[in-house]
Amino acid sequence: MAVEQPLAPSGEQTRIHNIGYRNYDGPRLGRAYARRSLYSQSLRGAYGLGRSVKSKVLPMLLFVVMCVPAAIMVAVAVATKAKELPVDYTRYAIFLQAVIGLYVASQAPQAVSRDLRFKTVPLYFSRPIETVDYVRAKYAALASALFILTAAPLLVLYIGALLAKLDFTDQTKGFAQGLVSVALLSLLFAGIGLVISAVTPRRGFGIAAVIAVLTISYGAVSTIQAIAFDQNSPDAVPWIGLFSPITLIDGLQTAFLGASSSFPGGVDVSSAQGVVYVIVVLGIIAGCYGLLTRRYRKVGL
Amino acid sequence: MTLVVVLATTVDDVTVIATESLSKRFPRVTALDRLSVDIGPGVTGLVGANGAGKSTLIKILLGLSPATEGRADVLGLDVATKGGAIRERVGYMPEHDCLPPDVSATEFVVHMARMSGLPPTAARERTADTLRHVGLYEERYRPMGGYSTGMKQRVKLAQALVHDPQLVFLDEPTNGLDPVGRDEMLGLIRRIHTDFGISVLVTSHLLGELERTCDHVVVIDGGKLLRSSSTRDFTQTTTTLAIEVTDSDEHPDGTRAVREALRARGVDTNDSSGLPGAGHILLLTADGEQTYDLVRDVVADLGLGLVRMEQRRHHIAEVFRDDRTTDAQDARKEAVGHGG
């Protein structure tokens, strides 16, 4: 190509000379490391880190919106020397479900639709990873991002409760139950969000579809529950709750995690019904994982 | 022990890619049909029209798509069982756009380096090196959405090279580039082998541009191997000259006059049917300097103006013609020539 002319000052600007190609003989860490790298990149991406300033705005804002009410409650509890926190750990996520829904709707398409739209997926599969690695990394990343979003305010509440010198055992137990609940919620929401977003390379469609699925299912379920309750058949209420993600979590934690449900009339969920809830939740999580794996087997190069 | 090592190296030296009656059938099409080819180190061109099976072959060689029949080895590893190990040592530059617009080239290439298994520090160092080698400097910190096609192609090449593979697959790397960008890219591809010591398999539907870059060219069509030979063989047989002349009062059809005069001197010409400017451009095979002189003399003797005399970039179609040249076909061409 270019012939080197070291003593040619003929108007050519100073430039860095090619110091030659260096071969790489260091370690190659293989498939598991590649999967971890994809996980951490996706997790950071879910909060806009490593991306443009614009893409940091929404996730960070939602994170703040999740934490502020917790901080206010804590402040009130400390100031008024309350005997207990104004809200249960397990109820917090249910109260702020709209914020969580918005986060899933905005970040699930970000996690998968972008790769499909800009055709980055084939590049990943030209590396040591396989389709299952891609799916696992993305699923784990979004679930972790959601867990951070939902567990952070609980942590604020817990620290606040300890500062307010509330009963340690009580608070720790409640906090632990809350963590289990939001962990399941994170897995469930991440799965549903990813499956919907992985269908379309268009981010907008993904966002709209996720919001639609979450709000319509919740709206329909709570309306039917209210009707069932008014028609004097409260027994049907828990069964109806199986049909929307947030009522699933609500019912599950009512049965097993000492929560009081937000169902109409505060209808209780029996242990037997609770088992069904657990099966359905785990079934949906596994189903989402299976669907994603199937979807990406087709994408390939 | 030593012997085995020596043997292994020799085998590596001889073939980088080997396929044995490799077939890939889809429900409606046969993408590859019993393809057997050995490819050595160096720059190898894989030429074929769109849909000839180039991309399918690359997919199989990366271990991403199982072959229906036959087998293939890449760097001595079986594609059916060692896909992961192959992909660790092989780079791939896709034909299509694959760059997210909102990240910078540096960030993107670092990420892809880590996806190939490079530890974080090494990934960063090699990204800086590789981007410089492909000719991307200050722009590398800007989001890639604002890049020109040439810059995007360079990033795509960089991500294929960042983990210092032993072999890279480049799928149509000159697509969409202007002539200058095309030449730069071809020069870069040449350097990948000469300076970096990495073997290259580069696909194109233009034989002409590969001729200058590759040591070896493999031509496939309809999934079948049409030809596999060193570039020198190709150049010797396919240097084609295109000439165009003006008409004059004496020779109202200048093209025809030249054709007849050339035939009288024992040089056959083809009309350029199917190519742009058909009917006005004559194609003939050049046998070195004397052919140029002959054309000049013939045109001057007839008193015509020579509008154009250039070396033709060979299109894939010419290889087919060349390869299948039979007496019958020659005879048919003659007939067409007389008729015209």
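**View 1. Strand 1 and strand 4 of chain B.** B:Thr19 has B:Ala72 as its bridge partner in strand 4 of chain B. Strand 1 (residues 17–25) and strand 4 (residues 69–74) of chain B run antiparallel and are joined by five bridges. The model is predicted: local features need pLDDT of at least 70, side-chain atom pairs count only at pLDDT 80 or more, and totals for chains, interfaces and linings use all residues. Residues are numbered from 1 along each chain as its sequence is written, with chains lettered from A and ligands numbered from 1 in the order in which they are written.

View 2. Four strands of chain B form an open sheet in the order 2-1-4-5, with antiparallel pairing (two strands pair if DSSP finds at least two bridges between them). Strand 2 (30–39) and strand 5 (77–78) of chain B are the edge strands, each pairing on one side only. Helix 2 (residues 54–61) of chain B packs on this sheet and touches strand 1, strand 2 and strand 4; contact requires C-beta atoms, placed from the backbone, within 7 Å. The direction of helix 2 makes about 115 degrees with that of strand 1 of chain B (axes are lines fitted to C-alpha atoms, for helices over the stretch in contact, and angles run from 0 to 180 degrees between N-to-C directions). Helices (H or I, at least four residues) and strands (E, at least two) are DSSP runs, numbered from the N terminus.

**View 3. The contact between chain A and chain B.** Chain A contributes 34 residues and chain B 37 residues. On the chain A side, helix 1 (30–46) and helix 5 (121–125) each supply at least two residues. Helix 1 of chain A gives the largest share, seven residues.

Technical notes. Two residues are in contact if their C-beta atoms, placed from the backbone, lie within 7 Å.
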